[in-house]
Amino acid sequence: MASTREKRPSKHVEIPLSYATPPLNANQRLHWAHKAKIVREIRHEVCWRGKAENLPPAKHIGFELHYLPKQNRRRDLGNLMPTHKAGLDGVVDSGLISDDTPEFVQEKMPVIHRAVKDAPVRLWLAITIEESA
């Protein structure tokens, strides 16, 4: 049976990050204080870049971390999850969503793009606002 609820068009937003490489990865063995400092920096940057987008609070979003490296080599997507998690926490801090539970966000695995000759290294978040609050 079809839903009577009208599907609203989704809005896609890219939030660039200032890091050339993912600042946290699952293979690092950092001192807890150093790791906490990096997490705090990522959350702070994402929070303020998110607020600069002037997005109204959303009921549900899609969230994905993207990385365009300088070189093509084998990389493990799961290693990017610590950076992904800190970025998502920054989105919550910005007020776009109220929590990072499945009720409010559909997390997608990070994407590692193929390197492009002479293209700058990039790290960014792709957010799809599926329902506005």
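Guide: Start with His84. This is a predicted model. At 0% relative accessibility, His84 counts as buried, because buried means under 20%.

Visitor: Where does His84 lie?

Guide: His84 lies in helix α2.

Visitor: Which residues of α2 are buried?

Guide: The buried residues of α2 are Thr83, His84, Ala86, Gly87, Leu88, Asp89, Gly90, Val91 and Ser94. The cut-off for each is under 20% relative accessible area.

Visitor: What span should helix α1 have?

Guide: Helix α1, residues 32-52, has 21 residues and should span 30 Å. Its end C-alpha atoms are 30 Å apart, so this helix agrees as well.

Visitor: Which residues of α1 are buried?

Guide: They are Ile38, Ile42, Glu45, Val46, Cys47 and Gly50.

Visitor: Why is α1 called oblique to α2?

Guide: Two packed helices are described by the angle between their axes and the distance between the axes. The axes of α1 and α2 come within 7 Å and cross at roughly 45°. That makes α1 oblique to α2, because angles under 35 degrees count as roughly parallel and 65 to 115 as roughly perpendicular. The crossing of α1 past α2 is right-handed.

Visitor: What follows each helix?

Guide: α1 is followed by Asn54, with a positive phi near 55°. α2 is followed by Gly95, with a positive phi near 90°.

Visitor: Asn54 is not a glycine. Is Asn54 buried or exposed?

Guide: Exposed. Its relative accessibility is 67%, and exposed means over 50%. Asn54 sits in the loop between α1 and β2 (58-68).

Visitor: What makes Asp118 exposed?

Guide: Asp118 has a relative accessible area of 75%, so it counts as exposed; the cut-off is over 50%. Asp118 also has a positive phi, about 65°, although it is not a glycine. Its place is the loop between β4 (111-112) and β5 (122-132).

Visitor: Why is Gly78 called partly exposed?

Guide: Its relative accessible area is 26%. Buried means under 20% and exposed over 50%, so a value in between is partly exposed. Gly78 lies in the loop between β2 and α2. From Gly78 to Phe63 is 15 residues in sequence and 15 Å in space, C-alpha to C-alpha.

Visitor: How do you know that the charged end of Arg122 sits over the ring of Trp124?

Guide: The charged end of Arg122 is 3.9 Å from the ring centre of Trp124. The limit is within 6 Å of the centre, and within 35 degrees of the ring normal.

Visitor: Which residue lies over the face of Trp48?

Guide: Lys51, at 4.6 Å from the ring centre. The distance limit is again within 6 Å.

Visitor: How many aromatic pairs are there?

Guide: The count is 0 aromatic pairs. A pair needs ring centres within 6.5 Å.

Conventions:
Residues are numbered from 1 along each chain as its sequence is written. This is a predicted model: local features need pLDDT of at least 70, side-chain atom pairs count only at pLDDT 80 or more; totals for chains, interfaces and linings use all residues. Side-chain values use heavy atoms; hydrogens and water are left out. Rings of Phe, Tyr and Trp (its six-membered ring) pair if their centres lie within 6.5 Å; planes under 30 degrees apart count as stacked, over 60 as edge-to-face and the rest as tilted. Helices (H or I, at least four residues) and strands (E, at least two) are DSSP runs, numbered from the N terminus. The expected span of a helix is 1.5 Å times one less than its number of residues. Buried means under 20% relative accessible area, exposed over 50%, partly exposed in between (1.4 Å probe, protein chains only). Axes are lines fitted to C-alpha atoms, for helices over the stretch in contact, and angles run from 0 to 180 degrees between N-to-C directions. Angles under 35 degrees count as roughly parallel, over 145 as roughly antiparallel, 65 to 115 as roughly perpendicular and the rest as oblique. A crossing is left-handed if the near helix is turned anticlockwise from the far one by less than a right angle, and right-handed if clockwise.
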